[in-house]
Amino acid sequence: TANLDPQGIEEVYAALGELVAAGDQAILLVEHNLDAVVGITDRVVVLDHDGRTYADGTVDAVLRARAEELHARAIVINALCSSNSTPKKADAEFGLPEIMNDGGVTAVNLTISVKDDFKTTIATFTHLLNAIDRRADDVRLARTAADIRAAKAAGVPAIVAGFQNSDPFDGNLAYVSLFARLGLRISQLTYQRRNLAADGTGEEA
């Protein structure tokens, strides 16, 4: 079906589906588009670029094995996680690593502050760093891309510290350096409202 239009492909596979449903003959089908044959195929054999058998089994088993292989090799990053997952007290539970492991997530941009001032944010940051230190064997703070790759290799999730607002800097550029030394790697200028760094979209100009 490589050169057929979409309607032509549907018609071809509708006809093949009727033959398969009759159940009185076997059909050997060569196709590049796996999506087209998923619904009518009992067995699929995938060849690699050298013509050798790469996979052989049911469609579900072959696709699942391929997905698991790709996911095992991939670095999966959650680009923004709510501050609800950030420990805000010294004895607060930090369950995010288990959630990341369950979802197969390599690293996450974890929000430390949405609209807090310097004093509140520095306390929250401290609680997060302490929580990571207590679980040093199963979670890491990522400061560089290399840290994320190392966490992937070690099989542990990586936390990228982030702000959704620049309010924690209190208009003091020296605080930018301070938070960077602590591990901050991402900061939005503002979160929907006007501040010292930028205008907001959640209010009238």
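This is a predicted model: local features need pLDDT of at least 70, side-chain atom pairs count only at pLDDT 80 or more; totals for chains, interfaces and linings use all residues.
View 1. Residues are numbered from 1 along each chain as its sequence is written, and side-chain values use heavy atoms, with hydrogens and water left out. The buried residues of α1 include G8, I9, Y13 and L16, where buried means under 20% relative accessible area, exposed over 50% and partly exposed in between (1.4 Å probe, protein chains only). These residues cover an arc of only 120° around the axis, taken from the directions from the helix axis to the C-beta atoms, which puts them on the same side of α1. The face turned away from that buried side carries the exposed residues Q7, E10, E18, A21 and A22.

**View 2. The aromatic rings of F118 and Y175 form a stacked pair.** Rings of Phe, Tyr and Trp (its six-membered ring) pair if their centres lie within 6.5 Å, and planes under 30 degrees apart count as stacked, over 60 as edge-to-face and the rest as tilted. The centres of F118 and Y175 are 4.1 Å apart, with the planes at 20°. Because F118 lies in helix α5 (residues 118-134) and Y175 in helix α7 (residues 173-182), the pair ties together parts that are 57 residues apart in sequence.

**View 3. F118 and F179 form an edge-to-face pair.** Their rings are 5.7 Å apart centre to centre, with 65° between the planes, and both F118 and F179 are buried.

Conventions:
Helices (H or I, at least four residues) and strands (E, at least two) are DSSP runs, numbered from the N terminus.
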